[in-house]
Amino acid sequence: MDSLKKHQKEAIKTQHKKQEDNEAAKKAREEKKRKEAEKSAAAAASDTAEIKEITDEEAEQLQKQIDSKKSEKPESSADAKEEKITEKKDPSDDEEEDEDDKGKLKPNSGNGCDLDKYSWTQTLQELDVRVPSPIKKIKSRDVIVEFTKRTLKVGLKGHPPIINGELNKEIKLEESFWTLQDSCIIVLNMEKVNQMEWWSRLLVTDPEINTKKVQPENSKLSDLDGETRGMVEKMMYDQRQKQMGLPTSDDQKKQEMLQKFMAQHPEMDFSKAQIN
């Protein structure tokens, strides 16, 4: 009996010890797992921080590299095509020209033209021509100038004429003269016979300028009498209308007359009426 009790006590003691050992082992395993989990979490946090730090440091440089690669890319066909179209749409002065005006020169600042051997400017009343001498120092007696109503000759004695040809329009001989400026420039002043039109060239052999691009000084209009000023303003208005593809003052008058006639004769059919 005593032996059995003793055996039972030992068995119970052994079982308790085994349970304690199991619990200790379980705690050790849980502690190990916890430490491993913490270690893994710390490692993951470290990797994330490292990646973020690299991104912040290299972000600017990386963006520059991307932009540089983009700028080095060749133009797309659409961009190249658009650029070519833009270049083609670059007419002189962004103005539409009539067929008759194509190839004509743009007037200089004096509404005339600068040529190789001379230059000329104009107002509605007068022409000024400047002829540089091929010789540095000359005197008036060395100069040859011959005016007629439709011809002009300018040169130096013993030398071929610098200007010699038919004028584009008639001039007034009694109001035309010349002077020598700075001993090297022959300056001519000629008055026009028709003072209601712009000359497109000095000589008939000269290249033409586009008179639609002439820009008269407004101050000059105030010097004209009322009738002449009205005609000049009408001419300038008509030129602007033509440039914009709109009816001139004469065309507008014809249209007004037709409208009045149509109002007076409502019984007539004007659907096919045209004004030339």
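Start with the contacts across the whole chain. Take pairs of residues at least 6 apart in sequence: 52% of their contacts (heavy atoms within 4.5 Å) join residues at least 24 apart. This is a predicted model, where local features need pLDDT of at least 70, side-chain atom pairs count only at pLDDT 80 or more, and totals for chains, interfaces and linings use all residues. Residues are numbered from 1 along each chain as its sequence is written, and side-chain values use heavy atoms, with hydrogens and water left out.

Now switch to cartoon view. The protein shows five helices and eight strands, in the order α-α-β-β-β-β-β-β-β-β-α-α-α. Both are DSSP runs numbered from the N terminus: helices are H or I with at least four residues, strands are E with at least two. Of the 276 residues, 22% are buried (under 20% relative accessible area, 1.4 Å probe, protein chains only).

Next, select glutamine 122. Find this residue in strand E2 (residues 119–122). Glutamine 122 counts as buried because its relative accessible area is 5%. Show the side chain: one of its polar atoms lies 2.8 Å from the backbone oxygen of tryptophan 199. Beyond four places in sequence, glutamine 122 touches residues including Gly110, Leu127, Trp198 and Ile209.

Move on to leucine 203. Look in the loop between strand E8 (185–192) and helix H3 (218–221). Is leucine 203 buried or exposed? Leucine 203 is buried, because its relative accessibility is 4%. Leaving aside neighbours within four places in sequence, its contacts are Tyr118, Ile163, Gly165, Glu166, Leu167 and Asn168.

Methods:
Buried < 20%, exposed > 50% of the residue type's maximum accessible area, 1.4 Å probe, protein only. Polar contact = N/O pair within 3.5 Å; in protein donor to acceptor, adjacent residues only side chain to side chain.
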